[in-house]
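Here are a few exercises to work through with the structure open beside you. Try each task first, then read the solution step by step.

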Amino acid sequence: MNPEFNNGLKGWSSFGNAKLEHKESQGNKFLVALSRSQPHDSMSQKVYLQADKLYTFSAWIQASSGSGIPVAAMFKTASGLVSAGQVIAESSCWSMLKGGLTVEASGDAELYFESKNTSVEIWIDSISLQPFTKNQWKSHQDQSIAMNRKSKVRIQAVDARGSPLPNETISIQQKYPSFPFGCSMTKLILNNPAHQKWFTSRFRVTTFGDEMKWYSTEYVQGHEDYSVADAMLQFAQQNNIAVRGHNVLWDDPQYQLGWVKSLDAQQLESATNKRLNSVMQRYKGKVIAWDVVNENLHFNFFESKMGPNASAIFYNWAIKADGGTPLFLNDFNTIEESRDELSSPAKYLQKLREIQSFPGNEGGRYGIGLESHFDSSIPNIPYMRASLDTLAAAKVPIWITELDVSSHLDQPLYLEQLLRELHSHPQIQGIVIWGGRGPQGCYRMCLTDENFNNLPTGDVVDKLLREWGYWTSDSDSFTTDNNGYFEASLPHGDYDVKISHSSAVDSSRVHKLNVASTTRSLQLIV
């Protein structure tokens, strides 16, 4: 009610101890919460939320003073507080908070805003809360896939004289999908034929779980051993599977070797430079991406030792070591958890801009890596979509790098929901599931049992691969019309095309077809 504040305070009330004022500036009307003493002191409105709906939410936010003020939109429900998203507010301009939410049970709720900085006034304008049914949401996903992952192909079959061939059967088999969909792997795959057969029949991209990390390749200072990573890379190359380089450096102190922790600032700078150049030059041209600094939104081991610009310096070195390969940040909770202020979409973009603007880093090729470990609550699909829309403003590749679902949740159900939403988003350029089975099992979610028979999660993956047209062992048949034409909407990728015709000189001839983001029209001569 009254989202543009054209009717004063109608529908709005004070939340906590805040005082409300209705203001107007240059014809723009907005609401102000002032005299705040607690983070939740703000404005509020009561709404009714339905459990079977998905809600998108947006609002324009401004702070009365200062800069970099986190402000969150909260919904107080019978089952607890739900965050719809947050934004970094400024005093000099309006910032758009874009988010979303779902609720576990239908009932009354109360919208309010929250900021830990109680010294500022919160200004809001243009509130939007839009409900969608599950069918409406699914319809949008399907439309997006049809628009962004597929293209229409129009093919005419003709004979050697150019005459159309009506009512002929054309068989099309995808040999290599364009969309990178994959799974992590561990060294267990090297000597296990069942594992290899299961993996190579499904996935076109992978990330090594531990084998390329610093603690695996230089457990003892000065003694590097890449033998396992080399063997895994060779296996991937032999099976036409692309590899993401993961990771060069990890900012979490708990994953630093004892000898690394013992180094002083100057020694650590030398050691990290040696590590970065060692791994990146060894695999230069052999990986499709580098996770240069892992989890530097949440942790700061290197910054605490080398200074606040440590991450930016590492990317500077990485540009020099392998600047032709996209250099990713990689962190968690940006799309998984709407209440994690450390890694909100706004904070992620802020960190990316800091790295990009560091002297010497302006020309680097960057990427956004979203780990996507869903382990705390039911996935908030509308918030995910809004977060990806926000991150897209960076205009760099966005990858889902370590997708899994905690075992205390319904893994098959939510894995399917997540994959459908992520694959349908036009800015997602690749997905890697964190389900690689190692000697001790899997990190949080397995796709198979120890004999590499599918678990229900693996069945979800197979179901979607077939639905999306990425199952390369399948082929489709089409019949030409009276003028020798047929049309189809095909997922982007490389295809083998065969025409069955009795007069064909070589009925086994295979035509190569690449389907990209534009409509293709071509003739096939039998």
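## Exercise 1: a residue in a loop

Met185 is buried, with a relative accessible area of 1%; "buried" means under 20% relative accessible area, "exposed" over 50% and "partly exposed" in between, using a 1.4 Å probe and protein chains only. Before going on, know that this is a predicted model, where local features need pLDDT of at least 70, side-chain atom pairs count only at pLDDT 80 or more, and totals for chains, interfaces and linings use all residues. Residues are numbered from 1 along each chain as its sequence is written, and side-chain values use heavy atoms, with hydrogens and water left out.

**Task.** Find where Met185 lies and list what Met185 touches.

**Solution.** 
- Step 1: look in the loop between β13 (181–183) and α2 (193–200), and you'll find Met185 there. Helices (H or I, at least four residues) and strands (E, at least two) are DSSP runs, numbered from the N terminus.
- Step 2: skip residues up to four places away in sequence, and Met185 touches Phe199, Thr206, Thr207, Phe208, Gly209, Glu211, Met232, Phe235 and Gly436. Contact here means heavy atoms within 4.5 Å.
- Step 3: Met185 and Leu418 are 233 residues apart along the chain, and their C-alpha atoms are separated by 21 Å.

## Exercise 2: another loop residue

**Task.** Is Asn333 buried or exposed, and which residues is Asn333 in contact with?

**Solution.** 
- Step 1: go to the loop between β18 (327–331) and α9, where Asn333 is found.
- Step 2: check the relative accessible area of Asn333; at 14%, Asn333 is buried.
- Step 3: leave aside neighbours within four places in sequence, and Asn333 is in contact with His298, Asp340 and Ser343.

## Exercise 3: two helix pairs

**Solution.** 
- Step 1: Axes are lines fitted to C-alpha atoms, for helices over the stretch in contact, and angles run from 0 to 180 degrees between N-to-C directions.
- Step 2: pick out the contact, made by Pro345, Tyr348 and Leu349 of α9 with Tyr383, Ser387, Thr390 and Leu391 of α10.
- Step 3: sort that contact by class, and you get five nonpolar, two polar and no charged residues. Ala, Val, Leu, Ile, Met, Phe, Trp, Tyr, Cys and Pro count as nonpolar, Asp, Glu, Lys and Arg as charged, and the others, Gly among them, as polar.
- Step 4: find the meeting residues: Trp137, Lys138, Gln141, Ser144 and Ile145 in α1, and Arg420, Glu421, His423 and Ser424 in α11. By class, this contact has two nonpolar, four polar and three charged residues.

## Exercise 4: strands and sheets

**Task.** What is the strand order of the open sheet of four strands, and which are its edge strands?

**Solution.** 
- Step 1: trace the order β23-β12-β25-β26, with antiparallel pairing. Two strands pair if DSSP finds at least two bridges between them.
- Step 2: spot the edges, β23 (475–479) and β26 (511–515), each pairing on one side only. From one strand to the next, the twist averages 30 degrees.
- Step 3: follow β12 (residues 169–177), joined to β23 by five bridges; Ser171 stands opposite Ser477 in β23.
- Step 4: move to β25 (residues 493–500), which pairs with β26 in the antiparallel sense over five bridges. Gly493 has Val515 as its bridge partner in β26.

**Task.** How many residues of β7 are buried, and how does β7 pair with β6?

**Solution.** 
- Step 1: count along β7 (residues 80–89); eight of its ten residues are buried.
- Step 2: pair β7 with β6 (residues 69–77), antiparallel over nine bridges. A hairpin joins β6 to β7 through two residues, and Ala72 stands opposite Gln86 in β7.
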